[in-house]
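Trainee: Please take me through the aromatic contacts here, with the criteria behind each label.

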Amino acid sequence: MEGQLCANLEISVKKPPGATPPSFIALLKVYRELLVSRIRNTQCLIDNLIKNDYFSTEDAEIVVQFPTQADKVRKILDLVQSKGEEVSEYFIRVLQKVTDAYYELQPWLDEISYEPSENICSKPVINTDPVSRYCQKLRHELGRDSKFVMSYAQREEMLLEEIYSNSIMELVGFTNESLGKVSQLEALFDDAVGLINEDGETVYVFGDAGIGKSILLQKIQSLWARKELDIGAKFFFRFRCRMFSCFKEDEAICLKDLLFKYNCYPDQDPTEVFHHILQFPHTVLFTFDGFDEIYSNFDLSSVPEMCSPNEPIHPLVLLVSLLRGKLLKGSKKILTARTGTEIQRNIIRKKVLLRGFSSNNLKEYAAIFFKDEGQRTLVLNQLEANPNLCSLCSVPLFCWIIFKCYEHFHSMFDSHELPDCSVTLTDVFLLMTEVHLNRSLKTSLLKNNTRSQAEMFKSRKETLLALGKMAYRGMENSFFVFEQEEVSSVNISEEDLQLGFLRTVKGYSGCDNQSTYEFLHLTLQCFFTALFLVIEEKVGAKELLQFFNECSSTETAQPTCLRIPWLKKQLAGEDPFRNNEHFHFTNLFLCGLLSRSKQKLFRHLVLPAVIKRKRKTLITYLGESMKSHLKGLSRSRLPKYNQIQVQPDFVWMLRCLYETQSEKVGKLAAKRMHANYIKLTYCNAYSADCSAISFVVHHFQKHLALDLDNNNINDYGVKQLLPCFSKLAVIRLSVNQVTDHGVRILYEELSKYQIVTFLGLYNNQITDVGAKYVAKLIEECSSLEYVKIGANKITSEGGKCLAQAIQKSKTMFEIGMWGNQVGDEGAKAFAEALRNHPRLTNVSLALNGITTEGGKSIAEAMQHNNSVKIFWLTKNELDDEAAMSFAEMLKVNKKLVHLWLIQNQITAKGVKYLSEALKENTAIKEVCLNGNLISQEEAKAFENEERIICF
């Protein structure tokens, strides 16, 4: 509207050379009604006019007396115009400078091309706008709240900057295929990479418990508060999703109160601030942490699809409406959840998978945690010597716990050696518990406490039982927040609260007048729940196994969960290992605590007969459920192999079996699989799971195929597989963050046993160093027939080593090098390997930067090869000259069946060479040339030769 007004008026504030200065009084008169309708904040104008002595206090008092905002604006305009041109111009200058308050007038200011005079530029303009003040307050409070991280001893707080370390963040597609790494946090909001649904508004971050989702959001919050996150967000509202479970079914709240009451309340004019947010939703960033932790009986199907931002309604409806984009459409959102919580595609803009620490991340974190280089070296050396602990450290939470234990025992015993070398997750949590209980003891300045773990637990049995009882009550109903009344009801004392297992939380409905508590992490509540089930003598078989049943029964688990149509929990019928992670962790700790090795610890806490009975109940149940689980898995017959295709729940089964540390149970699991090819792809297995896999697999009597493609194994996981290598004929580790170090381990182990036939290492982090180890394995291991090492970081140097090894090998059948960068030098080396090779049948050198020079070498060598049937040279830089060489080759080589030259630089001229050559070759079935420099019109000339495929 204002644009049209400006177009029709002759008045302009632009001052041509020598022209009379424009009349600002006249400008204000002409646009009076526009200004009256668009100015919502009068206080900022009055404050600046007073500060520069343009208004007196009497002027301000006159304005304030008017009842409506429009009348106040009219009176200000009257007074300003009566005071002359300078005051009128300064009035416009304030509108220009305080953009937060007068955003609706910015297009008008652009239209009139207002440029302030030198005199007015010297006059200060202060921003007393409520929106700006609120943004400042929000940044201050969020900066303060995100500055510290609570450690695993409540009395300690650590600076976020001194504890946060980068981990592996991977952008993935809807089916979790990799779309690249996240190198900086701004990339989460950059549509240039990883965008999978432009209509979605939510960045969905997921990963296992303890993988670092919450601390990532805290880091983002901290960067925003310091104005170091450049994503155009003026407002930041963060929510922990478990708070929504605290609202009663009949509670109602409006969006304004949800934003302000549970984050930060504006000191001035909240209505105006909220109006600004509604007007500019794209300036708002939300974070919703732990979506899977919402448990409520509230039925969303009873509420309308749309809801008003002003009408009170149940908070869960507001949450869902925000995520769907029904409220504040265009706002930025980050939603976190544990792996296994699936969100419908229509709300997701990007998916980000957190994979934990790489080996380099772990070293960086150790450098942050242990400032003393000597201590740091000792810890890293011990971790390197203990693959079990090292693999657990790939999960940031478990790494933090282990490092805190190292730190404690160094201070207590002047040593970094952990007692009794922990190997399972249960061991680590028992050790953490011991550390916390140790901290509570009063020790002499000259004498350290030397109580054993068993003595320590015995002395604090009542504390452990009280914490366990509360954890158990919460776990029964999937509640993770506890009011003071619940804490008192189980006799948790003030001293117990100081141990650091619980922390106070704020901002939950109905809890304003008393403290509210939660366990420091969800896994800690799971641990104490399991501990309660073990040391409470009254717990019978039904209660002992109830969380296994929660995982196996859709009827028991689902009704307690928030019924959101687009929140899909992965269900698997009667499968006892369904993905329901907090129950799974409880079951895992139960298996660990009832393992035979823990009987000595618990004999002082509970009667041995009770432990024996519970252990027998658990082992019997595991045996039966394992039998039914394995019976229901998908199976198929392959040449030489009986394949079993497992699901992610299978990994939880293996974890539970491993925690028991029962060789009898592990042997029974291996026997009942009735398969010698275990396919564990896309099961979200991480490095520590390889201990559990080895625990079962090493019991196999015959050679075995193990497919671990598309997981999160990394080098530590490779090391955990050491007990298996004597059995593995097929090992697939593609898309697993494996580096040169992991490849070295593979070479050292696989070369010992000389039985491996297939090595899959596609899409890892392997450089020329790792390629040399693979080359040595090819040379030394005559059983090796298939090597897949594409999409790594191999250049001509590594390519030449691999080619030379293949040239010496008489058994290699297939080499996959797609997506490396061997270039022409590497191509020449492979050409020599191909020349007269007796067995090599399938070759891929696609996407390797090979130009005409390298292509001609390959074509010439192929004239002397009678073994290769399929050759992929897709996505290189081969032109017509190279095509001519391949045409000459085809006149001689009558064994090649498929030649792929897709997406190169071949024109119709090159296609003609190839087409002519096919007249002399009846053996080849296809020459694929899709995506070259050939038009559809030009392709018609080759329609009679069906083996030439251009489109």
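Mentor: Start with burial: buried means under 20% relative accessible area, exposed over 50%, and partly exposed in between, with a 1.4 Å probe and protein chains only. This is a predicted model, where local features need pLDDT of at least 70, side-chain atom pairs count only at pLDDT 80 or more, and totals for chains, interfaces and linings use all residues. Residues are numbered from 1 along each chain as its sequence is written, and side-chain values use heavy atoms, leaving out hydrogens and water.

Trainee: Why does Phe237 count as buried?

Mentor: Its relative accessibility is 0%, and the limit is under 20%, so Phe237 counts as buried. Phe235 is also at 0% and therefore buried.

Trainee: How many aromatic pairs does a search of the whole structure find?

Mentor: It finds 42. Rings of Phe, Tyr and Trp (its six-membered ring) pair if their centres lie within 6.5 Å; planes under 30 degrees apart are stacked, over 60 edge-to-face, the rest tilted. Phe235 and Phe237 are 6.4 Å apart centre to centre, with 5 degrees between the planes: a stacked pair.

Trainee: What makes the pair of Phe429 and Phe589 tilted?

Mentor: The centres are 4.8 Å apart and the planes 55 degrees, which falls between the 30 and 60 degree limits. Phe429 lies in helix H20 (residues 425–439) and Phe589 in helix H29 (residues 581–593), so the pair ties together parts 160 residues apart in sequence. Helices are DSSP runs (H or I, at least four residues), numbered from the N terminus.

Note on methods:
Helix = DSSP H or I, 4+ residues; strand = E, 2+ residues; numbered from the N terminus.
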